[in-house]
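User: I would like to understand how the terms used for a protein model follow from their definitions. Could you take me through some of them?

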Amino acid sequence: MESDILIIGSGAAGLTAALQLAQTRKVAVLAKGSLSDGATAWAQGGIAAVLEPGDTFESHIDDTMVAGGGLNNRETVEFVIEHAPQAIDRLAKLGVPFNLGGPTNEFGENWHLTREGGHSRRRIVHVNDATGWAVQQALEAAAKAHPNITLVPDMVAIDLIVGRHQERFSTSGRVHGIYALNRRTGKVEAFTARATILATGGAGRTYLYSTAPRGATGDGIAMAWRGGCRVSNMEFMQFHPTCLYNLEVKNFLITEAVRGEGGILKNPKTGHRYMPDYDERAELAPRDIVARANDAEIKRDGLDYVHLDISHKPSEFVREHFPNIYDKLIGLGIDITKEPIPVVPAQHYTCGGVLVDLDGRTDAPGLYAAGEVTQSGLHGANRLASNSLLECFVFGDACAQHIEANWDSLPPPPAIRQWDESRVTDSDEEVVIQQSWREIRQFMWNFVGIVRTTKRLERAKHRIDLLRQEVGDYYSHFRVTPDLIELRNLVEVADLIIRSALSRKESRGLHYTLDYPKTAVDAVDTVLVP
């Protein structure tokens, strides 16, 4: 299938770019599963933007830089934050029903603003506690209604199409599209375009416990790496401090906004409110500090979880602000208006990724990227709450603008060879995939988690080297399946995380190692070169 522009990923970044480009071009958007399966729909909290009288861009920039441990690229931070209000206004015009009740802003709206950890002001617009779902539905509706956008679900991306895949072999690194496995037919198809945008999300499923959706296996990062793109800051994995602890329900996030609206963390054994012992900002400290505090309390006292308590607030206030969390937990026998919520830390966001510039360009000609798949310079060593969706909107738009402005310099794709399955057979050992998947997630959690040591990282590196050999051999002999494609990418991304963590001889932001507990004077990005 050939289109003008090919976008891999149907979340906030991908659909933002698609809607912009579709004004003049034919756009194909590929989704790994259904269109709503990505991380956007899971986002509870909201979107950060300077909208309140008295708030300033400089304040939002400072908060972002402080959370990021000084590793942020200030030019990127300024670019994203200064474009934030317009991004929110565009979403409102698409029909996102942001909560009302705040001060009147420059757009004549009175959106309610909440506050989250690391922010010095109220600046988070939201739709109750299910902002991502509302945004996803609005973007999807607009994309489905647009005649120039073709939405293609159930396509599992395998690899970028470059010069060596042309019918007339070339050593060019220019990207002409991707090969993807059609889940419905079991066949591999080639999708080509003048420009390709990766909007594939992060790599949360590299870890045993994660709030990320099932498909967050680092596909875009792994494909870009194999395609010759540099990858940066993969050691900075954000662990959300408050994931619901429940043996029946996995990966249910308790939004940062619960703490922003007055929720407090307590040790269930002693009832002690402990966050003031760790940081003067208490529950409003950045996520890395709160996650480490929760982890320390759990390990010191042999706990299964800690308590997040907002029951001291009026019950009507709690139900009004957090209706989805209230309904979910009441179904599990927990009334958050009367009792605390059992929570644990879990992997939540990939701060590193494919290096991009302010136009979303990667190292590979013809390849752009936006959102969690990237390392744009916005997040630094730790992402500030509610800056992630914002990055998707701003960089999705930036990719689109650069492609449109440089359209005449983008060559049409050449004739591409079809996928070759002549030397492989169907696998009769699927258990190998499941075993390898479980092994990776377990040792990444144990050895490359919230608190690290060099010895643990070296053990993880030894295991991933063995798995790389095994999975590579398996991949070369058997037909691809969705699980095998994901496993291959998980191995690649886990190796990038471990190598990045081993190379950083300091503790900064989300990377905390007992062997190098101090922060170096100079903040330097980790950059891996293929």
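**Terms and values**

Analyst: By class, 15 nonpolar, five polar and seven charged residues make up the lining of the second largest pocket. The model is predicted, so local features need pLDDT of at least 70 and side-chain atom pairs count only at pLDDT 80 or more, while totals for chains, interfaces and linings use all residues. Residues are numbered from 1 along each chain as its sequence is written, and side-chain values use heavy atoms, with hydrogens and water left out.

User: What makes a lining residue nonpolar, polar or charged?

Analyst: Ala, Val, Leu, Ile, Met, Phe, Trp, Tyr, Cys and Pro count as nonpolar, Asp, Glu, Lys and Arg as charged, and the others, Gly among them, as polar.

User: Why is H13 called roughly parallel to H15?

Analyst: The axes of H13 and helix H15 (residues 482-503) come within 10 Å and cross at roughly 25°. Angles under 35 degrees count as roughly parallel, and therefore H13 is roughly parallel to H15. The axes are lines fitted to C-alpha atoms, for helices over the stretch in contact, and angles run from 0 to 180 degrees between N-to-C directions.

User: What is the handedness of the crossing of H13 and H15?

Analyst: The crossing of H13 and H15 is left-handed, a term for a near helix turned anticlockwise from the far one by less than a right angle.

User: Which residues of H13 and H15 meet?

Analyst: Contact means heavy atoms within 4.5 Å, and among the residues that meet are Trp 437 and Phe 443 in H13 and Leu 487 and Ile 497 in H15. By class, this contact of H13 with H15 has 12 nonpolar, two polar and two charged residues.

Terms used. Helices (H or I, at least four residues) and strands (E, at least two) are DSSP runs, numbered from the N terminus. Angles under 35 degrees count as roughly parallel, over 145 as roughly antiparallel, 65 to 115 as roughly perpendicular and the rest as oblique.
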